[in-house]
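Work through the exercises below with the sequence and the structure open. Try each task before reading its solution.

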Number of protein chains: 2
Amino acid sequence: MEIGYRPIGIIHSPFTEIEGMPIQPTGASGIRGSVEVFPEFAEGLKDLDGFSHVILLYHFHQVREVKLVVTPFMDPQPRGVFATRAPKRPNPIGLSIVKLLSIEQNVLRVENVDILDGTPLLDIKPYVPEFDHHPADRVGWLARAKGQVRRQKSDSRFR
Amino acid sequence: MEIGYRPIGIIHSPFTEIEGMPIQPTGASGIRGSVEVFPEFAEGLKDLDGFSHVILLYHFHQVREVKLVVTPFMDPQPRGVFATRAPKRPNPIGLSIVKLLSIEQNVLRVENVDILDGTPLLDIKPYVPEFDHHPADRVGWLARAKGQVRRQKSDSRFR
């Protein structure tokens, strides 16, 4: 079964190279970018401006291979890819929760962007604490890395 | 640009019909299901058992049309589809955050499942509060619907 999607827009950010990028929105505090939704989908943005945060789903378009076990940025141990947010996934879908500053016609101004410039956008969903906040009490191998994500930058390993 | 993905597994749940389903994991409290990851991807599950919650991305496989403006379950007003979590999206990708109970080989036992039985799985990511909790102070049209998601059930409108 092959599932076919088409980009609904393009994400613009200051990051034109993978190396040196923040690895999560948490590490991209204050970084601004924009989300250009193709005009034919702009009608779907109605009412989105009422939300302070949005979930962006996008295609990691520079990923060229799949790795089921990866060594993440914040840990020296190899980990199963589904226990990480690394890009080299069987279906390379990225997820970032960003702050929504404004919407003008088909362009969203956003903040806390950890996404490569030119990334194809797949979907936008409103971020709703009632759906999306969970009392997660165990974060596995990431427990030891707490706080590190604010400083850690990308290198070339997931290109 | 066409992006091709392949399911990495299948989600099993008690919900064999769209009508009467919970509309978010918040409304599926205690409902158990399982996530069968195809054996060829099982190696990627290593270390995931350390996390209490996981993000499931999946394909809304019963969606047959796209609607840019929808009338959501919790509101009588038509809303832009990107301001809702409704399934009839240009790229019908679903997102649910579920509680992870256990992993045995290639099968995850999960709780708070609001997903149709037989849904193709696209990706699993660990849920990490440091990445995924955000101080969202505005939830648009959903502000008036707060709490309603626990009671609201699906009907056939998004089939």
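**Exercise 1. The axis**

Find which residue of chain B comes closest to the rotation axis, and state how chain B is related to chain A.

Solution. In this predicted model, the residue of chain B closest to the rotation axis is Gly4(B), with its C-alpha at 2.4 Å. Next, take the rotation itself: turning chain B by 180°, with 0.0 Å of shift along the axis, superposes it on chain A with an RMSD of 0.0 Å. This is therefore the relation of a two-fold axis.

**Exercise 2. Strands that pair between the chains**

Determine how β1(B) pairs with strand β1 of chain A.

Solution. Strand β1 of chain A covers residues 3-5, and its pairing with β1(B) is antiparallel, over three bridges.

**Exercise 3. The extent of the interface**

Describe the contact between chain B and chain A by residues and by buried area.

Solution. Begin with the residues: 72 of chain B are in contact with 72 of chain A. Of the interface residues of chain B, 100% are also interface residues in chain A, so the copies meet through the same surface. Then turn to area. The size of an interface is often given as the accessible area lost when the parts come together. Here the two chains bury about 7,000 Å² between them, and 59% of that lies on carbon and sulfur atoms. Tyr5(B), Phe82(B) and Phe131(B) supply 12% of the area that chain B buries against chain A, more than any other three residues.

**Exercise 4. Polar and charged links**

How many salt bridges does the rule find across the interface of chain B and chain A?

Solution. The rule finds eight. One of the salt bridges links Arg6(A) to Glu2(B), whose closest N and O atoms are 3.3 Å apart. Between the chains, 48 residue pairs are in polar contact. Among the elements giving two or more residues to the side of chain B that touches chain A are β1, β4 and α1 of chain B. The largest share, six residues, comes from β9(B). By type, the residues on this side are 38 nonpolar, 16 polar and 18 charged.

**Exercise 5. Pairing within chain B**

Trace the strands that pair with β7(B).

Solution. Strand β4(B), residues 53-59, runs antiparallel to β7(B), residues 93-104, and seven bridges join them. In this pair, Tyr58(B) stands opposite Gly94(B). Strand β8(B), residues 107-111, is also antiparallel to β7(B), joined by five bridges. Here Ile103(B) has Leu108(B) as its bridge partner. Finally, look at the turn: β7(B) and β8(B) form a hairpin with two residues between them, and Gln105(B) in the turn has a positive phi of about 50°.

Notes:
Residues numbered from 1 in each chain as written. Chains lettered and ligands numbered in written order. Predicted model: local features only at pLDDT ≥ 70, side-chain atom pairs only at ≥ 80, totals over all residues. Heavy atoms only, no water. Pairing = 2+ DSSP bridges. Helix = DSSP H or I, 4+ residues; strand = E, 2+ residues; numbered from the N terminus. Least-squares fit on C-alpha atoms with pLDDT ≥ 70 in both. Contact = heavy atoms within 4.5 Å. Buried area = accessible area lost by both parts, 1.4 Å probe. Salt bridge = Lys/Arg side-chain N within 4 Å of Asp/Glu carboxyl O. Polar contact = N/O pair within 3.5 Å; in protein donor to acceptor, adjacent residues only side chain to side chain. Nonpolar A, V, L, I, M, F, W, Y, C, P; charged D, E, K, R; others polar.
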